[in-house]
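This briefing is intended for a reader who is new to the structure shown below.

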Amino acid sequence: EGIDVTLVAGVRSGDEPHAIREPDGLRIVAAHGKVLVPRIGFASFFSLAVARAIFRTVARVDVAHVSIAREAVAIWACIACILLRTPFVAQPHGMLTARSGTRQRVLDVIVKPLFRRAAVVIALTEVEAARLKSWCGRDTPPIRCIGNPSLDTSAVLRAPKQGEAVFIAR
């Protein structure tokens, strides 16, 4: 017995997922978006359709898994979870500690407080966990160094709404 999963994905026009057969328990929500600031690139990929898809999905699930990075989609996903009081698991895949330039430090003013609101963080290695603790500083959320596991949802769930989770990634 598992939980149903919704995958929310932003897609570029002409790059929609065609002929994907959704297996039992998986729902795919694709929303069109575009790179808003070409100089920044994919980090600025977003649209109102993407924002709506994330918000509507987060509103009806029990827990969200956010591939967190200094990107518009991930930032909005965390904000939606906080506004809707939906607990979220953050998994940075090394993206928050790989660079520390001026642009990253400016974005960290927004990203760190959101990261600190995660119910739990998944690190892929002990090195990544240590770097995340150093990067986050005070109020680092619990970090589990377990790779890409089947998550024990009892650690983050309160009373389930629908027995469903959402995975949000770029």
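**Helix packing, charged pairs and local features**

Helices H3 and H4 cross in a left-handed sense. The model in which this crossing is seen is a predicted one.

**Helix packing**

- Two packed helices are described by the angle between their axes and by the distance between those axes.
- For H3 and helix H4 (residues 126-136), the packing angle is about 115° and the axes lie 11 Å apart. H3 is therefore roughly perpendicular to H4, because angles of 65 to 115 degrees are placed in that class.
- H2 also packs with H3, at an angle of about 45° and with 10 Å between the axes. These two helices are therefore oblique to each other, and their crossing is left-handed.

**Salt bridges**

- Side chains of opposite charge can pair when their charged atoms come close.
- How many salt bridges does a search of the whole structure find? The search finds two.
- One of the salt bridges joins the side chains of Arg70 and Asp108, with 2.7 Å from N to O. This pair links distant parts of the chain, its members being 38 residues apart. Arg70 lies in the loop between strand S5 (63-66) and helix H2 (72-83), whereas Asp108 belongs to helix H3 (residues 102-115).
- Is Arg70 buried or exposed? Arg70 has a relative accessibility of 10% and therefore counts as buried, because the limit for that class is under 20%. Asp108 is likewise buried, at a relative accessible area of 9%.
- A salt bridge is also formed by Asp139 and Arg138, whose closest N and O atoms are 2.7 Å apart. Asp139 counts as exposed because its relative accessibility is 53%, and Arg138 counts as exposed at 59%; the class requires over 50%.

**Nonpolar surface patch**

- Which residues make the nonpolar surface patch of about 230 Å²? Leu36, Val37 and Ile40 make this patch.
- Leu36 is placed in the loop between strand S3 (34-35) and strand S4 (45-46). With a relative accessibility of 46%, Leu36 counts as partly exposed.

**Start of the chain**

- Ile3 is located in the segment before strand S1 (4-11), and its relative accessibility of 38% makes it partly exposed.
- Ile3 and Gly163 are 160 residues apart along the chain, yet 5.7 Å separates their C-alpha atoms.

**Positive phi angles**

- His93 is not a glycine, but it has a positive phi of about 50°. Its position is in the loop between strand S6 (88-90) and H3. His93 counts as partly exposed, with a relative accessibility of 34%.
- Asp139 has a positive phi of about 55° and is not a glycine either. Where is Asp139 found? Asp139 is in the loop between H4 and strand S8 (143-145). This residue is also a partner of Arg138 in a salt bridge, and it counts as exposed at 53% relative accessibility.

Conventions: Residues numbered from 1 in each chain as written. Predicted model: local features only at pLDDT ≥ 70, side-chain atom pairs only at ≥ 80, totals over all residues. Heavy atoms only, no water. Salt bridge = Lys/Arg side-chain N within 4 Å of Asp/Glu carboxyl O. Helix = DSSP H or I, 4+ residues; strand = E, 2+ residues; numbered from the N terminus. Buried < 20%, exposed > 50% of the residue type's maximum accessible area, 1.4 Å probe, protein only. Patch = residues over 30% accessible without salt bridge, like charges linked within 9 Å, V, L, I, M, F, W, Y side chains within 5 Å. Areas by Shrake-Rupley, 256 points an atom, 1.4 Å probe, with all protein chains shown as cover. Axes fitted to C-alpha atoms, helices over the stretch in contact; angles between N-to-C directions. Parallel < 35°, antiparallel > 145°, perpendicular 65-115°, else oblique. Left-handed = near helix turned anticlockwise from the far one by under 90°.
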